[in-house]
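Reader: Please take me through this model by question and answer.

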Amino acid sequence: HRHVYLPEGTWFHYYSGERFDGPVHILAHAPLGEPALYVKANTAIPMGPEASHTGEKPTDPLTLLIHPAAGTGESTLYEDAGNGFAYAEGEYARRRISCEPSDGRITVRIGEREGSFVPERQEVRLQLRGVTAAQSILVDGGEREPAPGEDGALTVSLGEGAGSTTAEVIL
């Protein structure tokens with residue numbers, strides 16, 4: 001077990017999905033292999049595919065993991081080549097990601113890519129934990145079907161492009 005302080009806001013245990021409203025002190029169950037890891041609501045966590053070692057660079061898909069809850073959240077996705085100093089010359093990619101759940105819908109906006117770095121991947125997925133079903137999913141106004149995902153999560157493919165993307169999940 002570990003003593004954990006969660007500051008103001010809504011937090012979710014990464015492994016169990018249990019919700020906590022901060023500020024709060026908790027005694028977290030943290031067995032080997034499952035550290036006391038908490039995710040702030042409405043904040044995107046970028047997740048890549050599993051890799052056997054750091055030299056292996058699988059690029060597809062990039063999954064944006066979000067735990068939606070009342071309120072809004074914003075985060076920034078920053079990417080670069082991972083070595084060298086080209087980022088200082090503008091060779092990076094930065095995008096703002098916001099999540100706004102309200103009135104039976106969840107709206108996720110991914111801003112336009114800034115910088116000259118172009119990621120090699122072909123697909124970005126949005127995974128909404130704690131959302132198991134939706135009446136409809138719209139990506140930039142077009143209807144989309146959810147992709148197969150983990151239990152207790154709704155996953156939708158967004159594609160990959162430099163422009164902004166808006167996903168609306170109507171519950």
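Reader: In which strand is Pro23 found?
Author: This is a predicted model, in which local features need pLDDT of at least 70, side-chain atom pairs count only at pLDDT 80 or more, and totals for chains, interfaces and linings use all residues. Residues are numbered from 1 along each chain as its sequence is written, and side-chain values use heavy atoms, with hydrogens and water left out. Strands are DSSP runs of E of at least two residues and helices runs of H or I of at least four, numbered from the N terminus. On that basis Pro23 is found in strand S2, residues 19-28.

Reader: What is the omega of the peptide bond from Gly22 to Pro23?
Author: The bond that leads from Gly22 into Pro23 is cis. Its omega is near 5 degrees.

Reader: How many helices and strands does the protein have?
Author: From the N terminus on, the elements run β-β-β-β-β-β-β-β-β-β-β-β-β. The count is zero helices and 13 strands.

Reader: What is the radius of gyration of the protein?
Author: The radius is taken over C-alpha atoms, and the globule rule is 2.2 Å times the number of residues to the power 0.38. For 171 residues the rule gives 16 Å, and the value for the protein is close to that, so the protein is as compact as a globular protein of that length. The radius of gyration is 17 Å.

Reader: Which residues touch the most other members of the largest nonpolar core?
Author: A nonpolar core is a set of buried Ala, Val, Leu, Ile, Met, Phe, Trp, Tyr and Cys residues joined through side-chain atoms within 4.5 Å; buried means under 20% relative accessible area, exposed over 50%, and partly exposed in between, with a 1.4 Å probe and protein chains only. The largest core has 21 residues, and those that touch the most other members are Leu64, Val108, Leu126, Leu128 and Leu158.

Reader: Which residues does Leu154 touch, not counting residues up to four places away in sequence?
Author: Leu154 is in strand S12 and is buried, with a relative accessible area of 5%. Its C-alpha atom is separated by 6.5 Å from that of Arg129, 25 residues apart along the chain. With contact meaning heavy atoms within 4.5 Å, Leu154 touches Leu126, Gln127, Leu128, Val131, Ala134, Ile137, Pro146 and Val169.

Reader: Is His67 buried or exposed?
Author: His67 is found in the loop between S5 and strand S6 (73-79). Leaving aside neighbours within four places in sequence, His67 is in contact with Phe12, Val39, Ala41, Asn42 and Arg129. With a relative accessible area of 3%, His67 is buried.

Reader: What is the relative accessible area of Asp103?
Author: Asp103 has its place in the loop between S7 and S8. Its phi is near 45 degrees, a positive value in a residue other than glycine. Asp103 is exposed, with a relative accessible area of 78%.

Reader: Where does Asp140 lie?
Author: Asp140 has a positive phi of about 50 degrees although it is not a glycine. It lies in the loop between S10 and strand S11 (142-143).

Reader: What percentage of the residues in the protein is buried?
Author: The C-alpha trace spans about 45 × 40 × 30 Å along its principal axes. Of the 171 residues, the buried ones make up 37%.
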